[in-house]
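Here are a few exercises to work through with the model open beside you. Try each task before you read its solution.

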Amino acid sequence: MAKKIDDETIEYIGILSKLELSEEERQQAGTDMGKMLDYIDKMQELDTEGVEPISHIFRMENVFREDVVTNADAGEQMLVNAPRQKDNMFVVPPTF
Amino acid sequence: MNILSMTAVELSRAILAGRVTAVDAMEAVFDRMESLEEKVHAYITADREAAIRRAQAVQERIERKELTGLLAGVPVAVKDNICTEGILTTCASKMLSGFVPAYSAEAVYNLEKAGAVLIGKTNMDEFAMGSTTETSAYGVTKNPRNYDHVPGGSSGGSAAAVAAKECFFALGSDTGGSIRQPAGFCGVVGMKPTYGTVSRYGLVAYASSLDQIGPLTQDVTDCATVLEILASQDAKDSTSISRDDTDFSTALVKDVTGMRIGIPRDYLGNGVDSDVRNRILAAADVLQKKGATVEEFDLKLVEYAIPAYYTIASAEASSNLERFDGIKYGYRAKDYDGLHNLYKKSRSEGFGAEVKRRIMLGAFVLSSGYYDAYYLKALKVKALVKKAFDDAFSRYDLIMGPVAPTTAPKLGESLRDPLKMYLSDIYTISANLAGLPAICVPCGEDSKGLPVGLQLIGDCFQEKKLLRAAYTYEQSRKETCGDARAI
């Protein structure tokens, strides 16, 4: 039985993902995600009581360094890839 | 002298001895591409004139004795999610269709320091999400061994370029098997080192806690040599680690006497092609004859690794790919209404279906209400998978099995059912979850003539054991079947 991903959830996921989905894409996303979650739910069979979650394999600690600039100013090079730029700045639509 | 029949190590020796030039080698690569690239399509970007200019510059430095490195003058292909200064880096996505990085990845920098010369950038699944190189926005790559079949993925272009001799070696990235599986499908050597061995600086992130860069090569000697050059602790990647045992080529010894090798029963069980199973058992025989002990054992939790992997990888992808918003670089939609609409439209038009699928799954498993049940649960499963491997490595030096349950599927077959494609990663993803090094070496063909890949997995930092076993197997096989590299 495929997990039911309702329209409201897909709408919410679309907002979180910053994606605009066509009606067809929404339907497909609901079906695909439902199938995938059905499968992923297999994890729930495992008893993980008391297991410490790990994100990195090696115990990572914060790596600190002095805040010293080592590279040259690459501002112009960085702006080369901007879809729109002006006066050494990125151009965005009005945000107000 | 046929330049293309040389390995990377043989070529650099010939170049340093003055028998061939870096320019000759680069010309040979592009001549080869002229006859084959139309069929294989391994590259997204390959500019002959620019590559020849780079080869000329390197050749001059070799002649001035400024460059004497292990890869002096050797042409290399680099996967298109690894940044190359001044050279288009697209991640096989429309999103980065015009992106030209201002810097090179540390791995590329290390290769160039050793004298390697960049040919161009290889095709891949979009943002490395896929197992067939069919999700690329720039067309599919075909398996050089049979054009009706996929090369595997996501480093399919790199594997195909090595197999088709359109390069001497290549770089790939491996998040869930993306170096090893295409290496297996194309019949070349591919290796994912221990997490943190190679700097990820300049690798466009998919799932940062799982991603590693590694080599795809013609043989195990090249693999050890290239990895030796790639490995470095890098202040620009705080997860990279300091190692004093990166002289990997010293492990190229033909001897596995006393080595204990375990084959997980599940790796030869249901769902594995009989041809694949037989080739792996034959490989086990070869290693046993050379003095290793090989036995089957129960590796726990094999079937839980895939759900944990796709949860973690999608979660990290949804976070990592937030940076693509159409502002600082990458694709920007033509029409939009305000800032948020610009983000949404640019992302919706710029990303392909598989990438969107994983971003949405990732956003879901991280969302409040589902975080504990999915993401946190997956991190706990990851801890258990790691422990299962710790137990296994208390009894065995290495774990062996197939790199995938089947040989390369036909083009188009996998895209119809994403879940089925995900399941084909079953033997490779555990190594990423547990941070382990693993290598894939060719071990024969199935009845259709498609390559079968033997995978060896080692404990963290045990690359040398892996390379020694892989080298022993490769050399022993060469004795019985002739040149193991021949297509």
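The exercises below go from the whole chain down to single residues.

This is a predicted model, in which local features need pLDDT of at least 70 and side-chain atom pairs count only at pLDDT 80 or more, while totals for chains, interfaces and linings use all residues. Residues are numbered from 1 along each chain as its sequence is written, chains are lettered from A and ligands numbered from 1 in the order in which they are written, and side-chain values use heavy atoms, with hydrogens and water left out.

**Exercise 1.** Find out how confident the predictor is in chain B.

Start with pLDDT, the predictor's confidence in each residue, from 0 to 100. Chain B averages 96, and 99% of its residues score at least 70. Then take the complex: its ipTM is 0.94 and its pTM 0.97.

**Exercise 2.** Check the radius of gyration of chain B against that of a compact globule.

First, the rule: take the radius over C-alpha atoms, and for the globule use 2.2 Å times the number of residues to the power 0.38. Next, look at the box: the C-alpha atoms fill roughly 65 × 55 × 45 Å along the principal axes. Finally, burial (under 20% relative accessible area is buried, over 50% exposed, in between partly exposed; 1.4 Å probe, protein chains only): 66% of the 487 residues in chain B are buried.

**Exercise 3.** Work out how covered helix 7 of chain B is.

Count helices as DSSP runs of H or I with at least four residues, strands as E runs with at least two, numbered from the N terminus. That gives chain B 15 helices and 11 strands. Helix 7 spans residues 220–230, and nine of its 11 residues are buried, among them Val220(B), Cys223(B) and Leu227(B). At its start, a side-chain oxygen of Asp219(B) comes within 3.4 Å of the backbone nitrogen of Thr221(B).

Terms used
Polar contact = N/O pair within 3.5 Å; in protein donor to acceptor, adjacent residues only side chain to side chain.
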